[in-house]
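Trainee: I've got this one open and I'd like to talk through its fold and its aromatic contacts. Can we go step by step?

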Amino acid sequence: MNIPRVLIPFLTAYDPSDLPGGSIDPLGFERGYLLLADKIFPGLTNAAGRPRYFSVVCAGGLLAPAGSGNERNNVRMRAQSVLLLERFWAAANVLASEHDSELSASGIRGVTYARAHVEQLKDRGVRSTNADFKMLAQQERYGAIGIYANVAGYLRLLNRAAMSPTQDLGERLGEAFLQETDIPARLRGAIRDGEGAISVESLREWGHRAHIAAPVGLIEGECLGEAFARDPVRQRMADLLVKVPPKTNEETELSRLGRIRKVVSQQSGNQDLQEAIDAILAFEQCYQIVLLGFERVLWLCRADGTMAAETVARDPILKSCAETVANAEQQFQRALAYGTTEHFRHELDRLRDVKEFLSSAAAAKQTKLFVEALLDRHAEVQYGKFDRGRRKLPWIDRKASRYELTLSQVGDVSGEPKSLDAIRPHEYRLATADRFISASLGKGA
């Protein structure tokens, strides 16, 4: 079944608005990364990476009271039910984790707030609790609704505009979660009424069954698996993930994708995935080289806040980056040019600005010109971002023959950046997909 593409809006080419908290992205690779990630796992995200959240969102919508004639109020009411269930569920996860070391609540958004609430319950010695506690600075924006609802809409589990589970699949998922976790009647009533309390012990017991890391029920797992498999690209990639599991818990996604690439090359019918993986591996090689160079310039200037351009140009690591970027850029351009399948070639023009930047960096040859290409790109990217209506400033100023750090500089590397290992590659949703596969088999989600 072909699922309609969802257009993701962008504030600029370099600042995707769907990223929670914004993106640092000093060299403007984020948009290209998201495009390539959609080539292998369309519709998924890393942020919405715990499948049981989708069950909670659908269940919250089901528990909302019957609506009135005012649809705007009905939408708000359903959203409030989801928020209320989310807070109870987060507290239940924390309570259950206290008694079971194998159940980690670390995947809960705002778990710190939930833990603080549970600690207050202990300090006060109370035996029941409501959900009247703060959950995240802005729960609706950064919790289950803000992070999971759009993806739930793409998976056809939720009518996002109405904040209601879709008929059939979304409703089945929400009802399965409620039934198979045996939600307490008092908790069900509290969600329906918009207020109320439940005993701490009852909430803890439910938390063991409804925990984010607990095995899911039979029907819940079937629904999550069906939602995941509705997109044929996701399903084919899922089949490959099953065939090529991680070697160890420490294996990187890029390493695993490289092994998957070898399997795909021996198959028919997965040429689009082979092309996508080739592009991803080449894209990440380029990204790590140029970002290492940029972070190296930041590090060199950090001691005194400034450094002569000629001194920077003599740095051996920057020299190595300048020498290796050309070959990496050629591999990336080749991967894009050789791809022929319709799925792979769709919207490749969104990579145009990255391609042009990498071409200029590769053509620089000399270390000084390579650094200038990095700083030109960084300034272009920063000026394309806005913070409270104002354009963001570059992290480095060029004054005469010196580079000077500005008050805006952030950086993403701790310690001295010496090799590509210091640069974290993008994550391509493999962990999210693995969890969906696990949930579809009735295992921990």
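This is a predicted model: local features need pLDDT of at least 70, side-chain atom pairs count only at pLDDT 80 or more; totals for chains, interfaces and linings use all residues.

Trainee: How many helices and strands make up the secondary structure?

Mentor: Of the 445 residues, 52% count as buried. As for secondary structure, the chain comes to 19 helices and nine strands.

Trainee: How are the rings of F29 and F357 arranged?

Mentor: That's one of 13 aromatic pairs in the whole structure. The ring centres are 6.2 Å apart and the planes stand at 85°; over 60 degrees is the cut-off, so the pair is edge-to-face.

Trainee: How many residues apart are F29 and F357?

Mentor: F29 sits in the segment before α1, and it's buried at 0% relative accessible area. F357 belongs to helix α17 (residues 352-363) and is buried too, at 4%. So the pair links distant parts of the chain, and the separation is 328 residues.

Trainee: Which helices does the F177 and W206 pair tie together?

Mentor: Their ring centres are 6.1 Å apart with planes at 75°, so this pair is edge-to-face. Both F177 and W206 are buried. They're 29 residues apart in sequence, and the helices are α7 (residues 169-180) and α9 (residues 200-210).

Trainee: Which residue lies over the face of F228?

Mentor: F228 is in a cluster linked by ring pairs, along with F41, Y53, F54, W89, Y148 and F436. At 5.7 Å from the F228 ring centre, over its face, lies R234.

Trainee: How wide an arc do the buried residues of α11 cover?

Mentor: The buried ones are V233, R234, M237, A238, L240 and L241. They're on the same side of α11, because around the axis they cover an arc of only 160°.

Trainee: Which exposed residues does the opposite face of α11 carry, turned away from the buried side?

Mentor: At the helix's N-terminal end, D231 is the cap, with a side-chain oxygen 2.9 Å from the backbone nitrogen of V233. The face turned away from the buried side carries V242 and K243.

Notes. Residues are numbered from 1 along each chain as its sequence is written. Side-chain values use heavy atoms; hydrogens and water are left out. Rings of Phe, Tyr and Trp (its six-membered ring) pair if their centres lie within 6.5 Å; planes under 30 degrees apart count as stacked, over 60 as edge-to-face and the rest as tilted. Helices (H or I, at least four residues) and strands (E, at least two) are DSSP runs, numbered from the N terminus. Buried means under 20% relative accessible area, exposed over 50%, partly exposed in between (1.4 Å probe, protein chains only). A charge sits over a ring if NZ of Lys or CZ of Arg is within 6 Å of the ring centre and within 35 degrees of the ring normal. The arc is that of the directions from the helix axis to the C-beta atoms. A polar contact is a pair of N or O atoms within 3.5 Å; within protein, one must be able to donate a hydrogen and the other to accept it, and residues adjacent in sequence count only if both atoms are side-chain atoms.
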